[in-house]
Amino acid sequence: MTFDVIVIGSGQAGVPLAARLAGSGKRVLLAERHELGGTCTNTGCTPTKTMIASARAAHVARTAGRLGVRTREVEVDFPAVVDRKDAIVRSWRDGVSKRLSAHRLTVARSHARFVGERKVEVGGEVHTAETVVINVGARPLVPPIDGLGQVPWLDNGSAMRLRKLPEHLLLLGAGYIGCEFGQMFRRFGSRVTIVDPAEHLLSREDPEISSALEGVFRREGIQLELGKKAIQVSGRAGEIVLRLGSGQEVRASHLLVATGRRPNTDDLGCDKAGVTLDDRGYVVADDQYRTSAEGVYAVGDVLGGPQFTHTSWDDHRLLFDILLGRGRRGRRDRLIPYTAFTDPQVAGVGLNEKEARMRGVKFEAASMPFGDVARALEVDETDGLMKVLVDPATERVIGAAIIGAEAGELIHVFIALIQAGASARAIVDAEFVHPTFAEGLQSLVMKLDRFALH
Ligand SMILES: Cc1cc2nc3c(=O)[nH]c(=O)nc-3n(C[C@H](O)[C@H](O)[C@H](O)COP(=O)(O)OP(=O)(O)OC[C@H]3O[C@@H](n4cnc5c(N)ncnc54)[C@H](O)[C@@H]3O)c2cc1C
């Protein structure tokens, strides 16, 4: 059949884009080979944050004594935690399905691949369209570790399908996915060991931020084997043995691999369509999402990063305008914030100090322990710190990083400020509500000499 637009993949960009294009009168085909809603809904954000909430409830109950509340033994009903997660994922997935059926578009629940220029085969049928949008996302990367093919291992999807809590979970990878899973399983009651060749957890962060998280993890009893490379893995179900470059061996009941992501382009037939991939398999696209093939665009994780739901969703918004000739705002010149949903959360926007130095950007910086915030003391959430970088010439904020309670919410104050191109003075002049965590952001900015009360 002939369509106006074929969207391959029902990810965070594909669904709203397909729905809105259909709403604007286009004939749209959306192809999805697995569950509707993609990674975020099924194996990413939604299930992890749902289970992390259960893990935090266990932690709060266990540590309530600090606030003078005694609890008896805390028991985690792991199957109930997983059932709750499944119910929430199902309701999101049903929501996606309802959204799609509210629009007149064709949904094909099958693998799609290019068989020619703007020709896509889905479930044995070949379709053509003037415009094809690739939104196929990414999946876990399998690191080249000797023996990995011979032992059972988990990834983010299968780890959340377990019905029995691992006795000892060995995690490869200390990025945000590894950190979130590590702390979550520790709080459920597993022993947890995290191994990574980088010297720090979340190694892209300023070392101070990473060190603060490492302190929390160690206090919670997570064993960190940082700066150590995994060389070989052996064993069998329930008895995994990982050998590190140092010669050390780590033994665990389960292995979870969270060492990165790879794009779902290996079986997409990009060569048939003239779509160029980079050496890691990511689709090469320009600022306006155009690939090397006329009429073929790419959005979301398949572009190689930053790989976040909000970025993919924003891609849909920008591409929708481009396709309808309503705007030409590009993807490169965007502010992309992020949060790791560890506890405390780690959030950032703009440049951090390490990046600013590397790029030779002039800045004035202030930092403040999270424990200096009144609210943090009152609720006993004192771990962490906040940092802000300001351009000395314009007083505009050029970056902020926070590790602390609700850092993922707090960072939005800086996101809005940077997006508005406003001076940091706006924070100084405003009245912030007492006692809130956000009030700490004002104190932080006022640590800069130019804004200090003398
Ligand atoms: C464990 C984990 C936690 C995460 N937590 C967060 C978070 O807290 N916040 C955040 O912002 N981001 C988070 N992410 C990242 C986020 O999930 C992704 O950035 C987001 O889902 C990207 O969406 P996408 O639109 O690129 O595609 P995806 O959501 O990956 O969807 C792609 C879809 O395409 C389908 N597909 C692939 N190939 C084909 C084909 N050939 N034919 C048909 N269909 C195909 C796939 O089945 C999939 O459904 C997390 C990711 C993981 C793994």
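Is S190 buried or exposed at its relative accessibility? At 0% relative accessibility, S190 counts as buried, where buried means under 20% relative accessible area, exposed means over 50%, and partly exposed lies in between, with a 1.4 Å probe and protein chains only.

## Basis of the report

This is a predicted model, in which local features need pLDDT of at least 70 and side-chain atom pairs count only at pLDDT 80 or more, while totals for chains, interfaces and linings use all residues. Residues are numbered from 1 along each chain as its sequence is written, and side-chain values use heavy atoms, with hydrogens and water left out.

## The ligand and its shell

The ligand has 41 residues around it, and E32, T39, K49, D301 and S312 come nearest; a residue is near a molecule if one of its heavy atoms lies within 4 Å of it. By class, the shell around the ligand holds 14 nonpolar, 21 polar and six charged residues, where Ala, Val, Leu, Ile, Met, Phe, Trp, Tyr, Cys and Pro count as nonpolar, Asp, Glu, Lys and Arg as charged, and the others, Gly among them, as polar.

A side-chain N or O atom of S312 lies 2.7 Å from a ligand oxygen, a polar side-chain atom of K49 lies 2.8 Å from an oxygen atom of the ligand, and for the side chain of H310 the distance from an N or O atom to a ligand oxygen is 3.4 Å. Taken alone, the ligand exposes 1000 Å², of which the protein buries 96%; these accessible areas come from the Shrake-Rupley method with a 1.4 Å probe, and for residues only the protein chains shown count as cover. Two or more residues of the shell come from each of the elements α2 (38-42), α3 (45-63), α6 (176-188) and α9 (309-323), with helices (H or I, at least four residues) and strands (E, at least two) taken as DSSP runs numbered from the N terminus.

## Aromatic pairs and charges over rings

The structure holds seven aromatic pairs, counted where the ring centres of Phe, Tyr and Trp (its six-membered ring) lie within 6.5 Å, with planes under 30 degrees apart called stacked, over 60 edge-to-face and the rest tilted. F308 and Y338 form a stacked pair, at 6.3 Å centre to centre and with 15 degrees between the planes. This pair links distant parts of the chain, since F308 sits in the loop between β16 (296-298) and α9 while Y338 belongs to strand β17 (residues 338-340), 30 residues apart. Y338 counts as partly exposed because its relative accessibility is 22%.

In the pair of F370 and F437 the ring centres are 5.6 Å apart and the planes stand at 40 degrees, so the pair is tilted. F370 lies in the loop between β19 (364-369) and α11 (374-379) and F437 in the loop between α13 (425-429) and α14 (439-445), so this pair ties together parts that are 67 residues apart in sequence. F370 is buried, with a relative accessible area of 0%, and F437 is buried as well, with 14%. F437 also has R375 over its face, at 5.9 Å from the ring centre, and R20 lies over the face of F320, at 3.9 Å from the ring centre; a charge sits over a ring if NZ of Lys or CZ of Arg is within 6 Å of the ring centre and within 35 degrees of the ring normal. F78, F181, F185 and F188 form one aromatic cluster.

## Backbone features

Most residues other than glycine have a negative phi, and most peptide bonds are trans. The peptide bond from G305 to P306 is cis, with omega near -5 degrees, and P306 is found in the loop between β16 and α9. Another cis peptide bond joins H434 and P435, with omega about -5 degrees, and P435 has its place in the loop between α13 and α14.

L202, in the loop between β9 (191-196) and α7 (207-219), has a positive phi near 45 degrees and counts as buried at 10% relative accessibility. E395, in the loop between β20 (385-390) and β21 (397-404), has a positive phi near 65 degrees and counts as buried at 15% relative accessibility.

## Two further loop residues

S190 is found in the loop between α6 and β9, and a polar atom of its side chain lies 2.6 Å from the backbone oxygen of P166. G149, in the loop between β7 (138-140) and α5 (156-159), counts as exposed at 73% relative accessibility.

How values were computed: A polar contact is a pair of N or O atoms within 3.5 Å; within protein, one must be able to donate a hydrogen and the other to accept it, and residues adjacent in sequence count only if both atoms are side-chain atoms.
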